[in-house]
Amino acid sequence: MTDYLIRTADSAQSLPDLGTPVPPQQAFFYGAWHKQLGRRIYPLLIERNGRVVGVMQLICYPITLGYTLLYAPYGPVITDISEELLRALAQTISDIAKKERAIFTRITFTTSTTLPPSLLQKEGFQIPHPRTLSASAFQPTYEWMLDLSPSTDTLLAGMDKKHRYSLRVASEQHVTTQIVTENTRAYLPIFLALMKETAKRDGFSLHPHAYYEAVFASLARGHGYLALASIGEEIAVINIIVMHSGVAHLFFSGSSTAHRATMASYAAQWASVRHAKDIGMHTYNFGGVSGPSDERYEGITRYKKRFGGYLLSHDAAVDLVQYPILYALYTLRRRLKS
């Protein structure tokens, strides 16, 4: 008999207050984005003796031949950790994995307590091969954060001098910025065009159109805002900022190649940060960056770090494997591709 109950949550309701920040990737509105693409979502509440001590949102991704993988981005979020809880989690995950024919389930614990690898291994969790971590479905291990508690002048002074120079260039080029909190849906076509241009320039893949539709629907319900930078009447940059648990998260940024020399992206980013501070957010999250021994994203990492801030390191991902042979083949394929 266990003290823990893991049950399906009502995704139409707000998350309960756990007394600890919950990443937006574990918020129910994030699951709704994926649901728009036909992915099955499992929003779960973890209770102990009737008290909610954690949340876990699993997203089901198709792989091939009817097999899938399950993923809890930056989850589960847990305030109460024990061997008994890990056993209950493993059982719940295994039950869902069997139903979904999931080759494996990947989770990344968000908890104030460091989990001993030996304890995780005892309950069947294993460390994935590093080459499998960079797939587009998975969240980055490292993010770049900025504390917004200092004054705006102090934040500007803490910025790298090259970024301050870029902001001056933007001003000289008559770049104007605008924060949009209402009627955001009107900017979706422009955003999609800018994202398409950015993806072609920087060599990354885009989500399906329906995904961005769902993101903009969340903005309309008050989950975030747009930061625009324009040259005259032409919008050159659109940033999508999602707000959750007092943190403003930069989720997407689309920009025009033709106007890169105007430094409009720097102006849009600084406007995003200032607005986050003005509305009471305590932290700004620039998103994924390279880790201490990883230089794959050196350019974007350097760009983000020069705004000032600090590195946030998430716990290492662990996998719970349902089909060992297929898991080995998946790992081999990822290793050969990367």
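How many salt bridges does a search of the whole structure find?

## Salt bridges

The search finds ten salt bridges, each defined as a side-chain nitrogen of Lys or Arg within 4 Å of a carboxyl oxygen of Asp or Glu. The model is a predicted one, in which local features need pLDDT of at least 70 and side-chain atom pairs count only at pLDDT 80 or more, while totals for chains, interfaces and linings use all residues. Residues are numbered from 1 along each chain as its sequence is written, and side-chain values use heavy atoms, with hydrogens and water left out.

One of these bridges joins Arg40 to Glu100, with the closest N and O atoms 2.7 Å apart. Arg40 lies in the loop between helix 1 (28–35) and strand 2 (41–48) and Glu100 in helix 2 (residues 83–100), so the pair ties together parts that are 60 residues apart in sequence; helices (H or I, at least four residues) and strands (E, at least two) are DSSP runs, numbered from the N terminus. Arg40 is partly exposed at 43% relative accessible area, whereas Glu100 is buried at 6%, where buried means under 20%, exposed over 50% and partly exposed in between (1.4 Å probe, protein chains only).

A further bridge is formed by Arg48 and Asp80, whose closest N and O atoms are 3.1 Å apart. This pair also links distant parts of the chain, as Arg48 belongs to strand 2 and Asp80 to the loop between strand 5 and helix 2, 32 residues apart. Arg48 is partly exposed, with a relative accessible area of 29%, and Asp80 is buried at 14%. Within helix 9 (residues 298–305), Glu298 and Arg302 are four residues apart, or about one helical turn, and their side chains meet in a salt bridge of 3.7 Å, N to O. Glu83, Arg87, Lys122 and Glu123, in turn, are linked in a network of salt bridges.

## Nonpolar cores

The largest nonpolar core has 38 residues, of which Trp33, Phe138, Phe191, Leu226, Ile238, Ile240 and Phe252 touch the most other members. Helix 7 (residues 209–223) supplies the largest share of this core, six residues. Such a core is a set of buried Ala, Val, Leu, Ile, Met, Phe, Trp, Tyr and Cys residues joined through side-chain atoms within 4.5 Å.

Leaving aside neighbours within four places in sequence, Phe252 is in contact (heavy atoms within 4.5 Å) with residues including Phe191, Met195, Tyr211, Val215, Ile238 and Ile240. Apart from this core lies another, of 29 residues, among them Tyr4, Ile96, Phe125 and Leu320.

## The second largest pocket

About 530 Å³ of space lies in the second largest pocket, and of the 29 residues that line this pocket, Pro21, Pro23, Thr110, Leu312 and His314 are the closest to its centre. On a 1 Å grid over the protein atoms alone, a pocket is an open set of points where a 1.4 Å probe fits, with protein on both sides within 12 Å along at least five of seven lines, and lining residues have an atom within 4 Å of a point. The volume is the space filled by probe spheres set on the points, which are joined across faces, edges and corners.

Strand 14 gives the largest share of the lining, three residues. By class, the lining has twelve nonpolar, 15 polar and two charged residues, where Ala, Val, Leu, Ile, Met, Phe, Trp, Tyr, Cys and Pro count as nonpolar, Asp, Glu, Lys and Arg as charged, and the others, Gly among them, as polar.
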